Amino acid sequence: MRVLLSTYGRALTKAAMPRVESRPQRAAELIATQFDVVLGAAAGCDVVVVTGMLPAAAGALSVAEKLGIRSVSVTFQQLTVPSLDRPPLAYPGRPLPDGVTDSRVLWEFDAESNNTMFGEALNTNRVANGLPPVDDIRDYVVGAEPWVATAPVLDPLNTVVEAVQTGAWILLDERPWSDELIAFLDAAEPPVYVGFGSMPMHESTDVAQVAIEAAGGAGASLDSQEWLG
């Protein structure tokens, strides 16, 4: 079986934060890129596994649909999957309605936001590639049975749809440690590692200092600090 994993997002976290008014254009570019790249890469595959930012994921899923290939959406957190006991994330420039606590209303607002920002961009590309438009881009991406790649003990499922919790996707690295790393670890007390994954830091000015102070507050020694970019 040939499986294509389609993911997109790292480049965006390094790029400048797009203006709110330019977001639909940026989404159209992302989706068009998926049609250009994934269309060729997915040829001959049996399954397309899609993760990443919603407009890019919608494009990749559309490619799988065009090719008649099975596809599944994967998320590495529940935040993008509708729930009855937690609100959705708010997009910059589209804050959640003030005073609203009903999660069903907030998730409806989230669907409207996604359709407003990305719906036209997706459907323009779909129609151009011989596919029918979709009415709800978020529901199209989430699907009827998305995969949630988290550990049940740390992240109990509370999604509306029947999600499949696969456990965390961890690729074991069995390469030997370098002599420099071993010397660093053996030189003093165990180090504190702070990582931010793909979190964008466009507006943060003191994240390093906050991390240092948090480590110090937890009792870590701050005699030595090394930063890896």
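How many salt bridges does a search of the whole structure find? The search finds six salt bridges. The model is predicted. It also holds three aromatic pairs. The points below treat selected contacts by topic.

**Salt bridges**

- Side chains of opposite charge can pair when their charged atoms come close.
- Glu 65 and Arg 126 meet through their side chains in a salt bridge, at 2.9 Å from N to O. Because Glu 65 belongs to helix H3 (residues 54-67) and Arg 126 to helix H4, this pair ties together parts that are 61 residues apart in sequence.
- Arg 26 and Glu 29 form a salt bridge with an N to O distance of 3.5 Å. These residues are three apart in helix H2 (residues 23-41), so about one helical turn separates them. Arg 26 is partly exposed at 28% relative accessible area, and Glu 29 is partly exposed at 38%.
- Arg 138 forms a salt bridge with Asp 139, and their closest N and O atoms are 3.3 Å apart. Shared partners join Asp 110, Arg 138 and Asp 139 into one network of salt bridges.

**A charge over a ring**

- Arg 126 has a further contact: its charged end sits over the ring of Tyr 140, 5.1 Å from the ring centre.

**Aromatic pairs**

- One of the three aromatic pairs consists of Tyr 91 and Phe 118, which are edge-to-face, with 5.9 Å between centres and 75 degrees between planes. Tyr 91 lies in the loop between strand E3 (70-75) and helix H4 (103-128), and Phe 118 in helix H4, so the pair ties together parts that are 27 residues apart in sequence.
- Tyr 91 is partly exposed at 25% relative accessibility, but Phe 118 is buried at 5%.
- Trp 147 and Trp 169 also form an edge-to-face pair, because their planes meet at 70 degrees and their ring centres are 6.5 Å apart. Trp 147 lies in strand E4 (residues 147-148), and Trp 169 in the loop between strand E5 (164-165) and helix H6 (179-187), so the pair ties together parts 22 residues apart in sequence.
- Trp 147 is partly exposed at 30%, and Trp 169 is partly exposed at 39%.
- Phe 76, Trp 147 and Trp 169 make up one aromatic cluster.

Conventions
Residues are numbered from 1 along each chain as its sequence is written. This is a predicted model: local features need pLDDT of at least 70, side-chain atom pairs count only at pLDDT 80 or more; totals for chains, interfaces and linings use all residues. Side-chain values use heavy atoms; hydrogens and water are left out. Rings of Phe, Tyr and Trp (its six-membered ring) pair if their centres lie within 6.5 Å; planes under 30 degrees apart count as stacked, over 60 as edge-to-face and the rest as tilted. Helices (H or I, at least four residues) and strands (E, at least two) are DSSP runs, numbered from the N terminus. Buried means under 20% relative accessible area, exposed over 50%, partly exposed in between (1.4 Å probe, protein chains only). A charge sits over a ring if NZ of Lys or CZ of Arg is within 6 Å of the ring centre and within 35 degrees of the ring normal. A salt bridge is a side-chain nitrogen of Lys or Arg within 4 Å of a carboxyl oxygen of Asp or Glu.
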